[in-house]
Amino acid sequence: MRRIRNTVAIITVLFVFLIGLGLSDNNVRDLFLGRALLFNADIRVFILDVGQGDSILIKAFNRNILIDAGPDKNLSANKLGSFGVKGLNLVIATHPHSDHIGGMVEVIKRYNPEYYIDPGIPHTSKIYRTLLDLIEEKKIRYIAPNGQTIHIHSAELYIFPIPDKVTSINNGSVVSRLSYKDFTMLFLGDAELEEQSFLIKTNREKLKSRVVKISHHGSNTGTDQRLIDVVKPESAVISVGKDNPYGHPHREVMELLKKNNIRIYRTDRDGTVAVLSDGDQYKVLRERGSLGERFAFIILQLKELVSGGL
């Protein structure tokens, strides 16, 4: 109880200080006033800053879902704790590359998910074999991605089917789409143009989303004009490491997003990116954004800590 009172006191002080700044940032002002999404968002998506990899926490109502766990053994698990997560309902490993499952074993050990999804593509890496052994040991229920809809109170997470013929690990990525009223967000894993062609052919209407997590860290093998025309995103988030050896995000992708007037957020520059929605509106908050955003992000993180998780 004392911890909660102290945290609330800190939030209050930070809020007063933020008011003192004049709330000159329109995005920040909207988080506190009107719909006050900072406090009233039913959906909170955190694209965690885990370096050159992916790790995405979805907090929908009182449910916690994790998509991937980054390249580092402990970083993703530590960050989940910093957002008040005590347990996970569902974990999705989009594909068995180490930059997406490097921290998954530690996540599962600490947060004991109820369900686990991966593409079921054979892979012989040590980390993947260890992960599967742990899933079996803990008797976590496995779900094969085959076009099912997972209901999260009034929200839905649609799991796209995997192509019948997978020519590469990336092109067998588990792709999913979160929807709640008028809010939609697409998570592409590392799906490249080949898998995207399959998705467009079989599930074109389900791909349209207001926010998209760009495929494969902004590689030019994962985003083209055809995808943009189908998804029609307003905002795009790229999960990418600073000064990575692959040149991600590629220049062609950045130019394409800018040409289509899509707002761009990057974890290498913005830190963890939070997407908050009440089902009608959504706001994006950057850990390393403007001064007002930084304080709002701290308040958001403290709120998640106070409210806790499973």
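**Entry 1: H216.** I began with the accessibility of H216, which is 15%, so I recorded this residue as buried. The model I am reading is a predicted one. I located H216 in the loop between β11 (211-213) and α9 (225-231). I then looked up its backbone and noted that phi of H216 is near 50°, a positive value in a residue other than glycine. I kept in mind that most residues other than glycine have a negative phi.

**Entry 2: N112.** I next turned to N112, which is not a glycine and yet has a positive phi of about 40°. I found N112 in the loop between α6 (104-111) and β5.

**Entry 3: H248 and P249.** I checked the peptide bond that joins H248 and P249 and recorded it as cis, with omega about -5°. For comparison, I noted that most peptide bonds are trans. P249 lies in the loop between β12 (235-238) and α10 (251-259).

**Entry 4: Aromatic pairs.** How many aromatic pairs does the structure hold? I recorded 6 of them. I looked up the ring geometry of F61 and Y180: the centres are 5.3 Å apart and the planes stand at 85°, and because an angle over 60 degrees counts as edge-to-face, I assigned the pair to that class. This pair links distant parts of the chain, 119 residues apart. I placed F61 in the loop between β2 (56-60) and β3 (63-67), and Y180 in strand β9 (residues 176-180). Are these two residues buried or exposed? F61 has 25% relative accessibility and therefore counts as partly exposed, whereas Y180, at 5%, counts as buried.

**Entry 5: Y116 and Y142.** I then examined the rings of Y116 and Y142, whose centres are 6.3 Å apart and whose planes meet at 40°, so I noted the pair as tilted. Y116 has a relative accessible area of 1% and is buried. Y142 has a relative accessible area of 42% and is partly exposed.

**Entry 6: Other ring contacts.** Which residues form one aromatic cluster? I listed F46, F83 and F297. Finally, I looked up the surroundings of Y158 and found K206 over the face of this ring, at 4.5 Å from the ring centre.

Notes. Residues numbered from 1 in each chain as written. Predicted model: local features only at pLDDT ≥ 70, side-chain atom pairs only at ≥ 80, totals over all residues. Heavy atoms only, no water. Phe/Tyr/Trp six-rings, centres within 6.5 Å; stacked < 30°, edge-to-face > 60°. Helix = DSSP H or I, 4+ residues; strand = E, 2+ residues; numbered from the N terminus. Buried < 20%, exposed > 50% of the residue type's maximum accessible area, 1.4 Å probe, protein only. Lys NZ or Arg CZ within 6 Å of the ring centre and 35° of its normal.
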